[in-house]
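Take a walk through this structure, one region at a time. Keep the sequence and the 3D view side by side as you read.

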Amino acid sequence: MATKPPKGDPVQDAPQVAEPKHAAAGLPAIGHTLRIAQQQMGVKRTALTLLRVNQKDGFDCPGCAWPEPDHRHKAEFCENGAKAVAEEATLRRVTPEFFAAHSVADLATRSGYWLGQQGRLTHPMHLPEGGDHYEPVSWERAFDIIAEEISTLGSPDESVFYTSGRTSNEAAFLYQLFARELGTNNLPDCSNMCHESSGSALSETIGIGKGSVLLEDLYKADLIVVAGQNPGTNHPRMLSALEKAKANGARIISINPLPEAGLERFKNPQTPQGMLKGATLTDLFLQIRIGGDQALFRLLNKLILDTQGAVDEEFVREHTHGYEEFAEAARAADWDETLKATGLSRTEIERALGLVLASERTIVCWAMGLTQHKHAVPTIREVVNFLLLRGNIGRPGAGVCPVRGHSNVQGDRTMGIFERPAPAFLDALEKEFGFAPPREHGFDVVRAIRALRDGEAKVFFAMGGNFVSASPDTDVTEAAMRRARLTVHVSTKLNRSHVVTGARALILPTLGRTERDLQVGPNGKSTEQFVTVEDSMGMVHASRGRLAPASPQLLSEPAIVCRLARRVLGADSKVPWEEFERDYATIRDRIARVIPGFEDFNARVARPGGFTLPHAPRDERRFPTATGKANFTAAPVEYPELPEGRLLLQTLRSHDQYNTTIYGLDDRYRGITNGRRVVLVNPEDARALGVTDGSYVDLVGEWKDGVERRAPGFRVVHYPTTRGCAAAYYPETNVLVPLDATADTSNTPASKSVVVRLESAPEGRPETRPEARLEQSATD
């Protein structure tokens, strides 16, 4: 029996504010998890479903990409993972009757939270040109519509194929195979918006654009540096690993503009001691100014160079390149400039140096606090320099650890979801499938938006995700999407992207991770299939859903790609799409022949827990770079300059949120409840700017193009942020991030360093200002 969705769209601009918490998880996390899960799934379904999350014979959590330990707890999930599972396994349904009752114009006024709360999509839906309601459509007709639009294109490069990080390895491999047989490398993905800077920096410096540590390495580390990351909200199961590392003697340095409860104290809900007392995690908190990380690591490198015996000279000599040029730049680091860039004191940096010098095995973990700046790539290169100096790559308990977001975002890239594919990968595809893939680079996310805006792309197809809400410069992005001839979204639930459409639009409902996937073979019998994912540390394992599908009309992502390819490419295709749809093992056989590290894929993934992909820097201290060695780099130190009377804004998630999916309206650890339109401002900055706690302001973004971007009606919250810095939630603040404000090299949106001014909202809260209320809905 379906549960009832919430009736109204709650006001999100009148939050209650209390003191921030200083500990994460514990009993409140358990209570909140069970309450949300039971609201969506009911008691029995909650128990049956959550006990299979991240188990070796269960399904991979559709949330983050943090790896599972070999010995797993019966409740191997976190609060946010449980919320993700609950929304996918919900009993609520979005049927054709729902779309008949709600026009697209009506849905466009609803918040992203309300849309997501309506439940699972049950039928393929079509918005005809000039129509105002989505209408049910058969799968065959849906594929015909896509084929019709693609056939009218002047070039395959007028189509864009976006991928979310929840797509399985099998679906991702088929998706890129279809796009390339069609004739385009336009394969943007969510990596372009988050960790592309990590891949760019690591590919250049160590030869592989992935982290070099395994979960066991954290347990062996002497020092773990967590920079620009909030694991308590974004990767809560990481806290268990940090707790174990601390028990084994590790020290932890946290570097972040905001104090984060999870890094202060972790109350592990799986142990009595954890529930009652918890564990202090951070030994040294460096409350850095936004964007000052490169300057900090540069000065630490100078101080290491200046310390007798601190450099691992043998490692540097045998395994690295570019040391002299790097050392010259590092020795020029200036204390005064570093203190200005970081907002830290000399004493704090010297304490950090002491912990660094005392460690023989150091790991640096980071997330989007480092990757989403103009100078993100040189910042991460400087982190690599920091580790190379003391030989901390290719040593147990040491290395680089970019903590990825969505559950298979790393696997999708491994499978070839990339607009700039390596020639060797294309050569392997050509040899295996007998067609010549295109060689010209395609569009990433930012370039895809520009192409849609400028009429150079006309068909947009999204395999999962919420592209409109995830992308920068909301007004520009929405206008670009509306210029398309056709927009298509493969989805499990409603989101904002479904109501910002091209002239025609399709919603194609798909199976979730929690659901059983049965495919009919040539003998007419159904065979249960499974898919695979790759976690943040290069572990590949199976994922098997067990729930009955939300609707008999759902197709799996591999089946959708296979049927689409057969309809669009026709009988001339050289790929056995029907075979792939019937049996996913045949897809894995081809992956094994195309992608290094996947040899004997089917046999290896059948083992409980799966297998580890090879990583030459970690496994052999071999660095597949252009020089054949790990590369030191030297770049000018950069950090954001802040004009008088302005603040540097970072966009971030609330605790009731995963990426663009809003599970609720609370940010429990930061003391914010029942609302999202808040801006966190240091009390001293607020006083200097003349804004009081509880007052309402418009956030006005300033950038070099002279265009002012405005997010109206945010409640000011006095908060212990770094001086000169502020924070607010996305996607509400994506409107402030200019499309062209991107990281050098990686082209990732610079969402963590937006210059803003605060203007008093003359008429108070947005609910009293109709034009602002509409603008709020448009950016949720």
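Helix H9 gives the largest share of the lining of the largest pocket, four residues. The model is a predicted one. The pocket has a volume of about 1300 Å³. Two or more lining residues come from each of H9, H22, helix H23 (423-433) and H31. In total, 43 residues line the largest pocket. Nearest its centre lie Gly207, Ile208, Gly209, Lys210 and Ala422. By type, the lining divides into 16 nonpolar, 17 polar and ten charged residues.

Stay with H9, which covers residues 196-205. Eight of its ten residues are buried, so the helix is largely enclosed by the rest of the structure. Which residues of H9 are buried? They are Glu196, Ser197, Ser198, Gly199, Ser200, Ala201, Leu202 and Thr205. After H9 comes glycine 207, with a positive phi near 95°. Gly207 is also one of the residues nearest the centre of the largest pocket.

Arginine 621 sits in the loop between H31 and E24. Its phi is positive, near 50°, and the residue is not a glycine. Is arginine 621 buried, partly exposed or exposed? Its relative accessible area is 22%, so it counts as partly exposed.

Now turn to strand E29, residues 678-681. Val678 and Leu680 point one way, while Val679 and Val681 point the other way. All of them are buried. E29 pairs with two strands. With strand E31 (residues 709-718) it runs parallel, joined by four bridges. With strand E32 (residues 725-729) it runs antiparallel, over three bridges. Valine 679 takes part in both pairings. Its bridge partner in E31 is valine 716, and in E32 it stands opposite alanine 728. Strands of a sheet pair through backbone hydrogen bonds, either parallel or antiparallel.

Follow the chain on from E32. The loop between E32 and strand E33 (754-760) holds proline 731. The peptide bond from tyrosine 730 to proline 731 is cis, with omega near 10°. Asparagine 747 is found in the loop between E32 and E33 as well. Asparagine 747 has a positive phi of about 65°, although it is not a glycine. With a relative accessibility of 9%, asparagine 747 counts as buried, whereas arginine 621 is partly exposed.

One more sheet remains. It is open and has three strands, in the order E2-E10-E11, with mixed pairing. Which strands form its edges? Strand E2 (24-25) and strand E11 (279-280) do, and each pairs on one side only. Strand E10 (residues 265-267) runs antiparallel to E11, and two bridges join them. Here phenylalanine 266 stands opposite alanine 279. Helix H12 (residues 238-247) lies across E2, E10 and E11. The helix runs at about 110° to E10.

Technical notes
Residues numbered from 1 in each chain as written. Predicted model: local features only at pLDDT ≥ 70, side-chain atom pairs only at ≥ 80, totals over all residues. Heavy atoms only, no water. Pairing = 2+ DSSP bridges. Contact = heavy atoms within 4.5 Å. Axes fitted to C-alpha atoms, helices over the stretch in contact; angles between N-to-C directions. Buried < 20%, exposed > 50% of the residue type's maximum accessible area, 1.4 Å probe, protein only. 1 Å grid on protein atoms, 1.4 Å probe; cavity = no way out; pocket = protein on both sides within 12 Å on 5 of 7 lines; lining within 4 Å. Points joined across faces, edges and corners; volume = space filled by probe spheres on them. Nonpolar A, V, L, I, M, F, W, Y, C, P; charged D, E, K, R; others polar.
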